[in-house]
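Biologist: Hi! Could you walk me through this one?
Modeller: Happy to, here it is.

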Amino acid sequence: MNWVLLMLILAVIALPYVIEIRRSRMSMRVREDAPGKFAQLSQGVTHYQWVGPKTGPVILCVHGLTSPSFVWRALAKGLAVAGYRVLTYALYGRGYSDRHKGPQNRLFFRQQIEDLLEHEGMGERKITLIGYSMGGAISTIYAADNPDRVARLILLAPAGMGMVARGFARFIAVTPVVGDWIMYLVYPDMLRKSIKADYYPGISELQEKELDYRGFLPAVLASLRGVLAERLGQEHRVLAICDIPVLAIWGEDDTVIPLTAMGQLAEWNRKARQDVIEGASHGVTYTHGDQVLGAITAFLAEDL
């Protein structure tokens, strides 16, 4: 009987890891129908796509924790119509990019941007950065470290104001081993419920599909323990000192990055402009695309 109980316990412990191993690999076969291109960078293969006139001012878009570059589709097209050259890409562990093992901290994500810009021959050309959610934190870090390379910074419901994970998610993020096991076992259902609660046609289905691929969950966990655990006060102060124009756009009903973050940003950078989209939740980038596009194009049209 004791052996049966032991085997049952071991099976329960192994279950989430077995499920993870059985998920599909991101492979060249899967990538065959992907739009855009692929670059072999220093940390792995990165999926990316350009839209807009080749002579237009360059905008680099950095997505968030669980929603790859498809969240930029409508906004990127709108910016392209306005004459901008827009580069979107998938962070490692998401979309069609490689599933990188190990920490996902500021150095890791900054290196991906640097590698991609070098691969695409950007040289010393100034760019505008648009970062959504975790991408807002990554963009802030890159801009503060490379102020001479960034013309403007646009933040959409940005992380970096404090620990994003709260409650049960925070326990997972700060608890080694046990947190990993819970993450693999429980987080998929948590994410599915969150997606259904904020359902948006054409986006939600793709968000949920990320769970089909091996390496996505470890990437999310590594980001929660890495770049998303940082407060970026020093970086925002640097941006203010360097006079880099900053626009932050928030969702009025966002429960992931609440409006209280506006006050924190204002404390760090009083020069930053801040807009609130009424009735928008954390999906403001795609649920209220027209309003976001209007705010961004007006900001970009101003003289530096």
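**Around one leucine**

Biologist: Which residues is Leu129 in contact with, leaving aside its neighbours within four places in sequence?
Modeller: Leu129 is in contact (heavy atoms within 4.5 Å) with Leu60, Val62, Ser139, Tyr142, Ala143, Val150, Arg152, Leu153 and Ile154. This is a predicted model, where local features need pLDDT of at least 70, side-chain atom pairs count only at pLDDT 80 or more, and totals for chains, interfaces and linings use all residues. Residues are numbered from 1 along each chain as its sequence is written, and side-chain values use heavy atoms, leaving out hydrogens and water.

Biologist: Which residues touch the most other members of the largest nonpolar core?
Modeller: Leu60 and Leu129, out of 59 residues. A nonpolar core is a set of buried Ala, Val, Leu, Ile, Met, Phe, Trp, Tyr and Cys residues joined through side-chain atoms within 4.5 Å; buried means under 20% relative accessible area (1.4 Å probe, protein chains only).

Biologist: And which helix gives the most to this core?
Modeller: Helix 5 (residues 134-145), with seven residues. Helices are DSSP runs of H or I with at least four residues, and strands are runs of E with at least two, numbered from the N terminus.

Biologist: New topic: in what order do the eight strands of the open sheet come?
Modeller: The order is 1-2-4-3-5-6-7-8, with mixed pairing. Two strands pair if DSSP finds at least two bridges between them. At the edges are strand 1 (37-41) and strand 8 (273-277), each pairing on one side only.

Biologist: How many bridges join strand 7 to strand 8?
Modeller: Five, and these strands run parallel. Ala248 stands opposite Gln274 in strand 8.

Conventions:
Buried < 20%, exposed > 50% of the residue type's maximum accessible area, 1.4 Å probe, protein only.
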